[in-house]
Each structure stands twice: as structure tokens, then as C-alpha cells.
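Please walk me through this structure in plain paragraphs. I am seeing it for the first time.

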Amino acid sequence: MGIAKLLGVFLVMEMTSGFRSGADGLSMGYYITSCPMAEFIVRNSVTRALQADPTLAAGLIRMHFHDCFIEGCDASILLDSTKGNTAEKDSPANLSLRGYEVIDAAKEELEKQCPGVVSCADIVAMASTYAVFEAGGPVYDYDIPKGRKDGRRSKIEDTRNLPPPTLNASELIKMFGQRGFTAQEMVALSGAHTLGVARCSSFKNRLSDAVDPNLDSGFAKQLTKTCSAGDNTEQPFDATRNRFDNLYFNALQRNTGLLSSDQTLFASARTRNIVNGYAFNQAMFFLDFQQAMVKMSTLDVKEGSEGEVRQNCRKIN
């Protein structure tokens, strides 16, 4: 399909889905006149990046979550630290984040085409949706409303609001509930762990003398061997680390969930049936994941004078 035809497809999609979202200033067709190529450019950047390195899909989705869960979806995760301020990205919880160069590439091209129009926050949100699709997610990639502004605050102390990998199901339900999510939405979002890896430092607590009773003994031996190489050694969440599917939930059923915060979803009676449903029905997981991601993309967005459109995603204007 030629570029002109592709652009036509995107324009039709924008015009036919130009409804407004729950956040007052967001809409599907936000850039239809000011930067009609915006989605095409971001998608192109993501596609090129994932063709070169499929592991970046997990990084882009995780970046979006870590951005939205702190100060809202405002690209605060992209800001570099300065002499007087340590930014979110330099928190221990964020040091393993990847994909910044993908966002930079999209922003550079957008600034050539429509300078000062497309926010970094929108780029991060759009990139996460395209990453899901490119990794084998739903046949029809889901759309999200646009119009977020970029925030001006990014502080390391705010990352204490990120859920640590040691939380149990009740704690996760409470933490996500404070952000407006149901238990079902929390489990669906956890399914993003169908992509990517975790470092041993995130789950070695389960391999101590008192081995986690919810951890399969054979898997525990495998992890112990893996982690003998050091805390930074990586272990995939499931058998298809670069493919978006429902195998993560199948792993939980076998007690081979990697993090405590993964396996607790099956161990707890409050969430076990949700896990079983997604393990049995991938289409249901895909649908619920899409809806939860769209909801997350509207968390505490900055609009109007509350934010700005950065010229460089790594620093405020």
C-alpha cells in the first residue's frame, strides 16, 4: 500500500471516530487538521524500531504505564534529570525502561512536519498501542483519544506511587482502585507481562530459604540457577517474550508466574476466576486489555495551560 493511500486510511479513521473522550479536551480526531500525519509518523517509528528489535514492544508499553501511574499521562517519564532535580527516569524503578529513542525519533519527524503541535505525552500513548499491535495483539489495533499536554514536573520521589513487584492481590486491587480501576481491569493490565522480561532483583525474594509456596518447585530451581549469574540477569515472563498473547495467564495457572505480584493473581480467590477466564479466552483478554489501556491513557491528563507541547521530549521548553 502506497504512502498516499495509507494516509487516506488514517484520515478516514480519524474522521469516522472523531468523538470526544471522557477527559474534556481529548478527542480521537484531535490532530486531523493541525497534523494529519501524526499517527502515521508515530506508527512508522514504532514499526521500524520493532522490526530492528522486537523486545522494544514491552519497553514502550511499560513506559506508558510508568508515565500514567505517576503524575498522569504527561510524558514526565521522558524528562532528563537536571543539576537541581533527579527525574522519574532515574528512579531505581525506572532504570530498566527502554524505548526512549523511539519516542525521540517520532518527535523529531513530527517537529519537521508540524512544529509545536504534537505532544510527547500523545506520542508515548500512541506508541504503546502500536507496540501491542506489532507484537501480535488484537487484529484491529485500538485507538486512543489525543490532546494531552506535556507536564513540567518529574521528580524521583513521585515514583513511590508505582506498584512494587511484591504486592499481593488485595494490595494491588487497593492501589489500582485508587486510580479508578476495577479488579478486572487491574488483572487485564497485568497481562502486559505477556511481553518482556524481569531482572532477578525483582523476584529473588521468592527464592530464599523459605521458598514461595505459590511457586512451582521445578520453576524455582530454574530461577535459582538463572539468578546465580547476578541480580541483573533477565528472565522472560512467559514462553513467548516478544509476542502479545494470553500465555502469561496460562503460566499463572501452572504456578510459574515470575513476580510475586503476578502469581498472587491466581493465588487469590478474588482474582483467580479472572485469570482462568483470560487463560481460556484470549479474545476476551484482548478486549478487556484494550479497554483498560484506553482508560489508563486518560489518567490525570494535562490540558490547556496545565501543560505544554515540548519541542524536545527530554526537557521542558
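A residue is called buried when its relative accessible area is under 20%, exposed when it is over 50%, and partly exposed in between, using a 1.4 Å probe and protein chains only. The model is a predicted one, in which local features need pLDDT of at least 70, side-chain atom pairs count only at pLDDT 80 or more, and totals for chains, interfaces and linings use all residues. Residues are numbered from 1 along each chain as its sequence is written, and side-chain values use heavy atoms, with hydrogens and water left out.

Start with the disulfides, a disulfide being a pair of cysteine sulfur atoms within 2.5 Å. In general, such a link is a covalent bond between the sulfur atoms of two cysteines. By this rule there are 4 disulfides. Counting bonded cysteines along the chain, their pattern is 1-4, 2-3, 5-8, 6-7.

Cys120 is bonded to Cys313, with an S to S distance of 2.1 Å. This pair links distant parts of the chain, 193 residues apart: Cys120 is in helix H5 and Cys313 in the segment after helix H12 (282-296). Helices (H or I, at least four residues) and strands (E, at least two) are DSSP runs numbered from the N terminus. Cys120 counts as buried at 0% relative accessibility, and Cys313 is buried at 2%.

Cys200 and Cys227 form another disulfide, again given as S to S 2.1 Å. Cys200 lies in the loop between S1 and H8 and Cys227 in helix H8, so the pair ties together parts that are 27 residues apart in sequence. The torsion about this S-S bond of Cys200 and Cys227 is about -90 degrees, so the disulfide is left-handed.

The loop between strand S1 (197-199) and helix H8 (217-227) also holds Asp212. Its side chain makes a polar contact of 2.9 Å with that of Arg206; a polar contact is a pair of N or O atoms within 3.5 Å, where within protein one must be able to donate a hydrogen and the other to accept it, and residues adjacent in sequence count only if both atoms are side-chain atoms. A polar atom of the Asp212 side chain also lies 2.8 Å from the backbone nitrogen of Asn214.

Turn now to helix H3 (residues 56-71), where 16 residues are present and 14 of the 16 are buried. Just after H3, Gly72 takes a positive phi of about 90 degrees.

Lastly, Ser128 lies in helix H5 (residues 120-134) and is buried, with a relative accessible area of 0%. Beyond its neighbours within four places in sequence, Ser128 is in contact (heavy atoms within 4.5 Å) with residues including Leu60, Ile61 and His64.

Technical notes:
Expected span 1.5 Å × (residues − 1).
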